[in-house]
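Try each task before reading its solution.

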Amino acid sequence: MLIDCARAMMNRPLDDLQEHYRRALREGDTAARYCSLSTVERGQPCSRTLVLREISAEGPLIFINDRSPKWSQLMSGKSELLLFWPSQMRQYRLRGDWRLLSHEQMSGHWQNKPEAAKLLDHYYRRLQAQSSELESERRLREGLAALREEFGGDIPFADNARGLRLHVNELEVWRAADDGLHPRQRYWQQDGQWHTQLLVP
């Protein structure tokens, strides 16, 4: 039975990822709605927390804007996505290829973005790029208020808002264990088939 379960997991690691993601959401794990993205900037590692929009059969989805420094870093191809759910004491490290959502797909997701996120996308495009130096929080709020007044209740789609989905081809699963021998297992895809190996904790 244990061998059969391990073989099933080897053939569907992304299904397992989705199952545990849905479980974390059901359990009210606040970390299930966030992820950590690591990239390389001028030869140095660079990590930040992002909102995780969803995990589908196609992979995790994040939204960014193309004025952000992380946009060019992601386009360089060196990145890793980290998921950690304290309710399960389970961690996933994910690597793969980022694929851009089409304009039509992103327009559909736009309707579900919070008002503040929509306004910020316009702020990045028209006033200041994300991560640029801010004179004061008051200046930010004044700029957002002016945009809110201009748009009224219907904030149009900002063409710098991007959706990226990670098509995973490598992942590592870590689980906490009471005895300190935390199980780790690596999965990678080659020629359309998943392969796996245990790692020393």
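**Exercise 1. Find which residues the ring pairs link into a cluster, then describe the pairs.**

Ring pairs link Y21, W85 and Y92 into a cluster. Rings of Phe, Tyr and Trp (its six-membered ring) pair if their centres lie within 6.5 Å; planes under 30 degrees apart count as stacked, over 60 as edge-to-face and the rest as tilted.

A note on the source: this is a predicted model, where local features need pLDDT of at least 70, side-chain atom pairs count only at pLDDT 80 or more, and totals for chains, interfaces and linings use all residues. Residues are numbered from 1 along each chain as its sequence is written, and side-chain values use heavy atoms, leaving out hydrogens and water.

Step 1. Searching the whole structure gives 3 aromatic pairs. In one of them, the ring centres of Y21 and W85 are 6.2 Å apart with planes at 40°, so this pair is tilted.

Step 2. Y21 sits in helix α2 (residues 13-26) and W85 in strand β5 (residues 79-85), so the pair ties together parts 64 residues apart in sequence. Helices (H or I, at least four residues) and strands (E, at least two) are DSSP runs, numbered from the N terminus.

**Exercise 2. Classify the pair of W110 and F157.**

Step 1. The W110–F157 pair is edge-to-face, with 5.3 Å centre to centre and 85° between the planes.

Step 2. W110 counts as buried at 1% relative accessibility, whereas F157 is partly exposed at 24%. Buried means under 20% relative accessible area, exposed over 50%, partly exposed in between (1.4 Å probe, protein chains only).
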